[in-house]
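Reader: I am new to this structure. Please take me through one part of it closely, and then show what lies around that part.

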Amino acid sequence: MTRIQHSTILVYFLILSATVWGQKIYLYGGEQRDLMIGCINCHELEASSIWNLQGDFGDAASDLSIWNPSGTYGSEDSEYSPWNSQAAFPPIAKDEDGNELGIFTVDYNAEPWAEFDLALILYDYYPAIRKNISKWYNKLFQL
């Protein structure tokens, strides 16, 4: 990784650290986008957290996890995955009050696209994150 890439990541993390612990942000998947598939900015010990390695949403072997490369919500080939730029039903991000924050997908042409700071980081780095979820949790949230 170059110095410019390291600097870019650092800027992302600094921006993120100022905003990430506000309202909780949840992902909802399925055709109707009514199935909660994890909280993207919850503490790693919370059951709903995508960072909880023992939970349904953070365990890379769980079909509900966006980190499972073979799962419904983690496969780059799935119609329900945020990592498939051609997915018909990528998840939607909502705050804890149920306000929609946009479609959580690597398809930047999606309308409305979820483009808050943490989403942008996850879009860019999900292949690396899924290889070491704990390391990335610590990078993102333990500044």
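Author: Trp51 and Trp67 are both buried. The model here is a predicted one. Start with these two rings. Their centres are 5.5 Å apart and their planes meet at 45°. Stacking needs planes under 30 degrees apart and edge-to-face needs over 60, so this pair is tilted. Both tryptophans sit in the loop between strand 2 and strand 3, and 16 residues separate them. The pair thus links distant parts of the chain.

The whole structure holds 12 aromatic pairs. One aromatic cluster takes in Trp51, Trp67, Trp83, Phe104, Trp113, Tyr123, Tyr126, Tyr137 and Phe141.

Look next at Trp113 and Tyr123, two members of that cluster. This pair is stacked, with 5.3 Å from centre to centre and 20° between the planes. Trp113 belongs to the loop between strand 4 and helix 2, and Tyr123 to helix 2, so their pairing ties together parts 10 residues apart in sequence. Are these two buried or exposed? Trp113 has 19% relative accessibility. The cut-off for buried is under 20%, so Trp113 counts as buried. Tyr123 is buried as well, at 7%.

Now the nonpolar core. The largest one has 31 residues. Which of them touch the most other members? They are Ile40, Trp51, Ile66, Trp67, Phe104 and Leu122. Trp51 and Trp67, the tilted pair, are thus back in view. Strand 1, helix 2 and helix 3 (133–141) each supply at least two residues of the core. Helix 2 gives the most, with eight.

Ile66 deserves a stop. Leave out residues up to four places away in sequence, and Ile66 touches Leu27, Ile37, Ile50, Phe57, Tyr73, Gly74, Pro82, Trp83, Phe104 and Arg130. Two of these contacts, Trp83 and Phe104, also belong to the aromatic cluster.

Charges meet rings too. The charged end of Lys94 sits over the ring of Tyr28, 4.9 Å from its centre. Lys139 does likewise with Trp136: it lies over the face of the ring, at 4.5 Å from the centre.

Charges also meet each other. How many salt bridges are there? The count is one. It joins the side chains of Glu46 and Lys24, with 3.0 Å from N to O. Glu46 lies in the loop between strand 2 (35–39) and strand 3 (92–95), and Lys24 in the loop between helix 1 (3–19) and strand 1 (25–29), so the bridge ties together parts 22 residues apart in sequence. Glu46 is partly exposed, at 26% relative accessible area. Lys24 is partly exposed too, at 27%.

Last, the backbone. Most residues other than glycine have a negative phi, and most peptide bonds are trans. Two places here depart from that pattern. Arg33 is not a glycine, yet its phi is positive, about 55°. Arg33 lies in the loop between strand 1 and strand 2, and at 22% relative accessibility it counts as partly exposed. The other place is the peptide bond from Glu111 to Pro112, which is cis, with omega near -10°. Pro112 is found in the loop between strand 4 (100–103) and helix 2 (117–131). That loop also holds Trp113, the partner of Tyr123 in the stacked pair.

Definitions and conventions: Residues numbered from 1 in each chain as written. Predicted model: local features only at pLDDT ≥ 70, side-chain atom pairs only at ≥ 80, totals over all residues. Heavy atoms only, no water. Salt bridge = Lys/Arg side-chain N within 4 Å of Asp/Glu carboxyl O. Helix = DSSP H or I, 4+ residues; strand = E, 2+ residues; numbered from the N terminus. Buried < 20%, exposed > 50% of the residue type's maximum accessible area, 1.4 Å probe, protein only. Phe/Tyr/Trp six-rings, centres within 6.5 Å; stacked < 30°, edge-to-face > 60°. Lys NZ or Arg CZ within 6 Å of the ring centre and 35° of its normal. Core = buried A, V, L, I, M, F, W, Y, C linked by side-chain atoms within 4.5 Å. Contact = heavy atoms within 4.5 Å.
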